[in-house]
Amino acid sequence: MGLPNKHLHLTIASVTSCAGAQAAPTTLAGEANVSKAEEKMTTFSDMEPLPYFGEKLAVSLRSVGWLGAESIFKKGTTEPGVYQRLRQLLVDPFQPFVSAGLHSCELCQFEAEAHGSANLFVPADGLLLVCPGLILHYINAHNYQAPTKFYEAVLDCPDTRSMEYKRLFLASGGRGLMSISSNKHLQAKPTLDG
Ligand SMILES: [Zn+2]
């Protein structure tokens, strides 16, 4: 009796659901779904070289207000004029790319009352001081006090869509930022030319 050699080719459909991929959709879904695209805030100490956009660019970038739950930061008052100027600059900050990640305030005790993904580049002495848009909330709600040098630079900063700003941006290390839009977390945006 020749039993058919039952070589069941068990192709165990590898449904090992892409564990670890954590491919959060980059779509900023409705407010109710904010947590889906949320990312943990990457933190850096104030005025330290900022490696967020790559080690090479860190030399010309300084971090301001990259706060997380564990951050120890200076508290104090901020001049209303500085706050207002910062608010203006963050209405339409120039970014050579858009970070796909949405960050939520980690300083709020229970529920994050502010979310943001924008970054503002403020030229200062040949460098770019880089703060997240959430800095407004940190100042307003958590009494965060940014370095004086940053506040001075904010008051001196031209409107981010002006030629003067673009000139300063490029002269302060921004040129390197223009070429990193291929990073998978960053989406290319129109170039600065013109
Ligand atoms: Zn908060």
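Modeller: Two strands pair if DSSP finds at least two bridges between them; strands (E, at least two residues) and helices (H or I, at least four) are DSSP runs numbered from the N terminus. Here, in a predicted model, three strands form an open sheet in the order 2-7-6, with mixed pairing. Strand 2 (61-63) and strand 6 are its edge strands, each pairing on one side only.

Biologist: In which sense do strand 2 and strand 7 pair, and over how many bridges?

Modeller: Their pairing is parallel, over three bridges; Ser63 has Val130 in strand 7 as its bridge partner. Helix 3 packs on this sheet and touches strand 6 and strand 7.

Biologist: Which residues of helix 3 are buried?

Modeller: A residue is buried if 20 or more other C-beta atoms lie within 10 Å of its own, exposed if 12 or fewer, and partly exposed in between, with C-beta atoms placed from the backbone. In helix 3 (residues 148-156), the buried ones are Phe150, Tyr151, Ala153 and Val154. They line one face of the helix, because down its axis they fall within an arc of 160°, taken from the directions from the axis to the C-beta atoms. Thr148 and Asp156 are exposed on the face turned away from the buried side.

Biologist: How are numbering and confidence handled?

Modeller: Residues are numbered from 1 along each chain as its sequence is written. Local features need pLDDT of at least 70, side-chain atom pairs count only at pLDDT 80 or more, and totals for chains, interfaces and linings use all residues.

Terms used
Two residues are in contact if their C-beta atoms, placed from the backbone, lie within 7 Å. Axes are lines fitted to C-alpha atoms, for helices over the stretch in contact, and angles run from 0 to 180 degrees between N-to-C directions.
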